[in-house]
Amino acid sequence: MTGFLDTPSRVAEPFWLAVTGTTLSARRGPGGAFATLLPAEGDACLRVQVVGEPPARAHLDLHVDDVEEAASVVCGLGAVVTHAEEGLVVLRSPAGIAFCLVSWHGERELPKAVRWEGPQTSLVDQLCLDIPAVAYPRESVFWSAVTGWERRESDLPEFSFLESPARMPLRLLLQRIGPGVAGVHFDFACDDVDAEVERHVGLGAVVVRRVPGDWTTLRDPAGREYCVTGRSPFGR
């Protein structure tokens, strides 16, 4: 699984390189729209894409053995294809969440959490699917069926998560939201939320809201929200 940061320009890329401790790959695709955030160790699971229209947002890619076969399966579960080419199918879930099916190339080494001078440790290890309440029952069943991962309830009623297999770089969290547009955001795991948030703010993020003892929501320089959570960065 790969998490994509979709931004109308490259304005937020230096920020994301700094907060994740990664380096940028060579650009690729039409106009150099795509690049990968390369960790110091392990296989990359985060990428950036310059898109034509706002707002800044995120999506996920599912890496599969056979893209065409997988697309047939997920369409049977309720997804709709919006674009297809060799090795890539772009789809929308029943609630409208954009995702892609791409070919798997044997990635299996997990990126390691980064130790900062705070001295906290952090990494992006979770994609949160933000799902309007009216669509939540069907959407949660859809993602469990697509991934084959069992859905489990969280301690908080608005959240559930999918039990991913070992050595998967990103978890999937499902969040029930009020009226609004379904989407995806990134979550950091860290062992000191306050220190990590201070580091992000120093690099250009803005705090949106704090949930003491649990997480803080921030906004990156492109206006995209993400969270820093108090989950262990060593929990995979």
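Strand 12 (residues 159–162) pairs with strand 13 in the antiparallel sense over four bridges. Strand 13 (residues 171–177) also pairs with strand 10 (residues 121–132), here in the parallel sense and over seven bridges. The structure is a predicted model, in which local features need pLDDT of at least 70 and side-chain atom pairs count only at pLDDT 80 or more, while totals for chains, interfaces and linings use all residues. Residues are numbered from 1 along each chain as its sequence is written, and side-chain values use heavy atoms, with hydrogens and water left out.

- Helices (H or I, at least four residues) and strands (E, at least two) are DSSP runs, numbered from the N terminus; two strands pair if DSSP finds at least two bridges between them.
- Phe161 stands opposite Leu173 in strand 13, and Ile131 stands opposite Arg176 in strand 13.
- Arg167 is found in the loop between strand 12 and strand 13.
- Although Arg167 is not a glycine, its phi is positive, at about 65 degrees.
- Most residues other than glycine have a negative phi.
- Arg167 is partly exposed because its relative accessible area is 49%; buried means under 20% relative accessible area, exposed over 50%, and partly exposed in between (1.4 Å probe, protein chains only).

- Eight strands form an open sheet of mixed pairing, in the order 2-3-4-1-5-8-7-6.
- The edge strands, each pairing on one side only, are strand 2 (23–24) and strand 6 (80–85).
- Helix 2 (residues 67–76) packs on the sheet and touches strand 5 (57–64), strand 6, strand 7 (88–92) and strand 8 (98–103). Contact means heavy atoms within 4.5 Å.
- The direction of helix 2 makes about 150 degrees with that of strand 8; axes are lines fitted to C-alpha atoms, for helices over the stretch in contact, and angles run from 0 to 180 degrees between N-to-C directions.
- Strand 1 and strand 4 (residues 46–50) run parallel and are joined by five bridges, and Asp6 stands opposite Gln49 in strand 4.

**Thr2 in strand 1**

- Thr2 has its place in strand 1 (residues 2–7) and counts as buried because its relative accessibility is 1%.
- The side chains of Thr2 and Arg47 make a polar contact (2.9 Å). A polar contact is a pair of N or O atoms within 3.5 Å; within protein, one must be able to donate a hydrogen and the other to accept it, and residues adjacent in sequence count only if both atoms are side-chain atoms.
- Not counting residues up to four places away in sequence, Thr2 touches several residues, including His59, Leu127 and Leu170.

**Cavity and pocket**

- On a 1 Å grid over the protein atoms alone, a cavity is a set of points where a 1.4 Å probe fits but cannot get out, and a pocket is an open set with protein on both sides within 12 Å along at least five of seven lines; lining residues have an atom within 4 Å of a point.
- Grid points are joined across faces, edges and corners, and a volume is the space filled by probe spheres set on the points.
- The count comes to one cavity of 30 Å³ or more, and the largest cavity holds about 50 Å³ of space.
- Among the residues that line the largest cavity are Leu5, Trp16, Gln49 and Arg224. Strand 4 gives the most to this lining, with three residues.
- The second largest pocket holds about 610 Å³ of space. Of its 29 lining residues, the closest to its centre are Met1, Leu62, His63, Trp104 and Met168.

**Helix 4**

- In helix 4 (residues 193–202), the buried residues are Val193, Ala195, Glu196, Val197, Arg199 and His200.
- These buried residues pack against several elements, among them helix 1, strand 10 and strand 14 (183–190).
- At the start of helix 4, a side-chain oxygen of Asp192 reaches to within 3.3 Å of the backbone nitrogen of Asp194.

**Cis peptide bonds**

- Pro54 and Pro55 are joined by a cis peptide bond, with omega about 0 degrees, and Pro55 lies in the loop between strand 4 and strand 5.
- The bond from Gly118 to Pro119 is also cis, with omega near 10 degrees.
- Most peptide bonds are trans.
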